[in-house]
Amino acid sequence: MLATGGFSQSPEMIDEYGPTASGQFCYAASGNVGDGLRMAKEAGADIVAKDGVIGFRGVSPDRSYRASLGVLVFYPNLYVDEKGERFMNEANYYALMYEDMVENESDEFYSIFSGEVPAEALEEGVEDGCVVKADTFEELAEAMGVPADNFLASVERFNELAESGEDEDYGNPVIATIEEGELYALTVLPATLGSFGGARVNLQGEVMDTDGNPIQGLYAAGEVANGQLYKSVYPASGTFITAVFVLARDAGKEAAMSIGE
Ligand SMILES: Cc1cc2nc3c(=O)[nH]c(=O)nc-3n(C[C@H](O)[C@H](O)[C@H](O)COP(=O)(O)OP(=O)(O)OC[C@H]3O[C@@H](n4cnc5c(N)ncnc54)[C@H](O)[C@@H]3O)c2cc1C
């Protein structure tokens, strides 16, 4: 029974089966290096992978997204890319924000904080080097290393939309104006929570070979066998855990019943 999770902690396997996430960090268990997929393949399994991941975003692999600094990525503030331009709905579902970030192709993104801000966490970020601080928009652009004229235009448009009460450009329902004073920019990176791709299985959890026949005595469930469940974008938070429990229960039952057959 293979239940080894995904392969998102193996850079080589990400390059092979999920290149969208090449070079990005992942919050999954450090043991998720694709052992199950490799063993299944060696046993003749058909491998299904469509270059998908659970797309997310984060500050760094050392900062849990539940830590005071990590959690800042959830604020629906203005986000700009390396050109200083706004590019997405900052209140969107996280896997879709990840898609926008990947499509944008910037290496880093910046979430802009002003007004009433979680100052303690941001100051921690300043010490860590993942947050920069300034009093004016020009100084903040310089500290981020983005073109000031683009950034000023992004802020001006963002404030115009916030004042109008409707984000006609991207549909963020909760935008608020950004004012000079105490300004912070948090560096945010595309990151993942897991991988898509693994051994093809039937409804009993048996691993299938490349001719479409079950491999006797070999079962798989969970992230190691999720290649058939998704295309490339993670459709909804919670679907992974649900699939893991439901399919693993069935696969475990089938495997136990097969003993002695
Ligand atoms: C931070 C985070 C938040 C998430 N939030 C959600 C959520 O809210 N909702 C949701 O549906 N999904 C969520 N997910 C995804 C979900 O947690 C995983 O898809 C799910 O845990 C996969 O279950 P699994 O049993 O297949 O693998 P895992 O839970 O990854 O377990 C596999 C285990 O096998 C171990 N292992 C690997 N190789 C070997 C080996 N050779 N020998 C022994 N052990 C080995 C690994 O170290 C790991 O501990 C989240 C993932 C992360 C990382």
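Visitor: How many residues surround the ligand, and which are the closest?

Guide: In this predicted model, the ligand is surrounded by 19 residues. The closest are T4, G5, G31, G222 and I241. Two elements, β7 (183-195) and α7 (239-258), each give two or more residues to this shell. Of the elements, α7 gives the most, with four residues. By residue class, the shell around the ligand consists of eight nonpolar, nine polar and two charged residues.

The wider setting is as follows. The domain assignment of the protein gives domain 1 as 11-52 + 196-258 and domain 2 as 57-191. The centres of the two domains, taken over C-alpha atoms, are separated by 35 Å. Where domain 1 and domain 2 meet, seven residues of domain 1 are in contact with nine residues of domain 2. On the side of domain 1 that touches domain 2, five residues are nonpolar, two are polar and none is charged.

As for the protein as a whole, its secondary structure comprises seven helices and ten strands. Along the principal axes, the C-alpha atoms fill a box of roughly 75 × 35 × 25 Å. Of the 261 residues in the protein, 40% are buried. Among contacts with a separation of 6 or more, 74% are accounted for by residues 24 or more positions apart.

Note on methods
Residues are numbered from 1 along each chain as its sequence is written. This is a predicted model: local features need pLDDT of at least 70, side-chain atom pairs count only at pLDDT 80 or more; totals for chains, interfaces and linings use all residues. Domain bounds come from an automatic or database domain assignment. Two residues are in contact if their C-beta atoms, placed from the backbone, lie within 7 Å. Ala, Val, Leu, Ile, Met, Phe, Trp, Tyr, Cys and Pro count as nonpolar, Asp, Glu, Lys and Arg as charged, and the others, Gly among them, as polar. A residue is buried if 20 or more other C-beta atoms lie within 10 Å of its own, exposed if 12 or fewer, and partly exposed in between; C-beta atoms are placed from the backbone. A residue is near a molecule or strand if its C-beta atom, placed from the backbone, lies within 6 Å of it.
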